[in-house]
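Open the model in your viewer and keep the selection tool at hand. The stops below go from single residues to the whole chain.

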Amino acid sequence: MVRLAVFLTVLGLVLTGVTASALAFSHGHIDAGIAFLWPALAIALVLGIAMPGRQRT
């Protein structure tokens, strides 16, 4: 249950960053779009590395 809560929280953060980036790109603000996109990608990468998988016993 904790994994699901962490996953949904991080998913919300990533989607917020990607949405802000998309809005910035659509208004022609390339530098702001890149600035919003990098942290969102970093959060997704850290989650993928740090999220524990199933334990095989």
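Buried means under 20% relative accessible area, exposed means over 50%, and partly exposed lies in between (1.4 Å probe, protein chains only). This is a predicted model: local features need pLDDT of at least 70, side-chain atom pairs count only at pLDDT 80 or more, and totals for chains, interfaces and linings use all residues. Residues are numbered from 1 along each chain as its sequence is written, and side-chain values use heavy atoms, with hydrogens and water left out.

**Stop 1: Pro 39.** Select Pro 39 in helix H2. Helices are DSSP runs of H or I with at least four residues, strands are runs of E with at least two, and both are numbered from the N terminus. Pro 39 has a relative accessible area of 42%, so it is partly exposed. Pro 39 and Leu 13 are 26 residues apart in sequence, and their C-alpha atoms are 9.4 Å apart in space.

**Stop 2: Leu 23.** Move to Leu 23 in helix H1. Its relative accessibility is 49%, so Leu 23 counts as partly exposed.

**Stop 3: Ser 21.** Stay in helix H1 and pick Ser 21. Is Ser 21 buried or exposed? Ser 21 is buried, since its relative accessible area is 2%. What is Ser 21 in contact with, leaving aside neighbours within four places in sequence? Gly 33, Phe 36 and Leu 37. Contact means heavy atoms within 4.5 Å.

**Stop 4: the helix pair.** Select residues 2–26 for H1 and residues 30–50 for H2. The two pack at about 160 degrees, with axes 7 Å apart. H1 is therefore roughly antiparallel to H2. That term applies to angles over 145 degrees. The axes are lines fitted to C-alpha atoms over the stretch in contact, and angles run from 0 to 180 degrees between N-to-C directions.

Next, show the contact residues. From H1, they include Val 6, Phe 7, Val 10 and Leu 13. From H2, they include Ile 30, Ala 32, Ile 43 and Leu 47. The residues of this contact divide into 18 nonpolar, three polar and no charged. Ala, Val, Leu, Ile, Met, Phe, Trp, Tyr, Cys and Pro count as nonpolar, Asp, Glu, Lys and Arg as charged, and the others, Gly among them, as polar.

**Stop 5: the whole chain.** Zoom out. The protein has two helices and zero strands. Of its 57 residues, 14% count as buried.

Methods
Angles under 35 degrees count as roughly parallel, over 145 as roughly antiparallel, 65 to 115 as roughly perpendicular and the rest as oblique.
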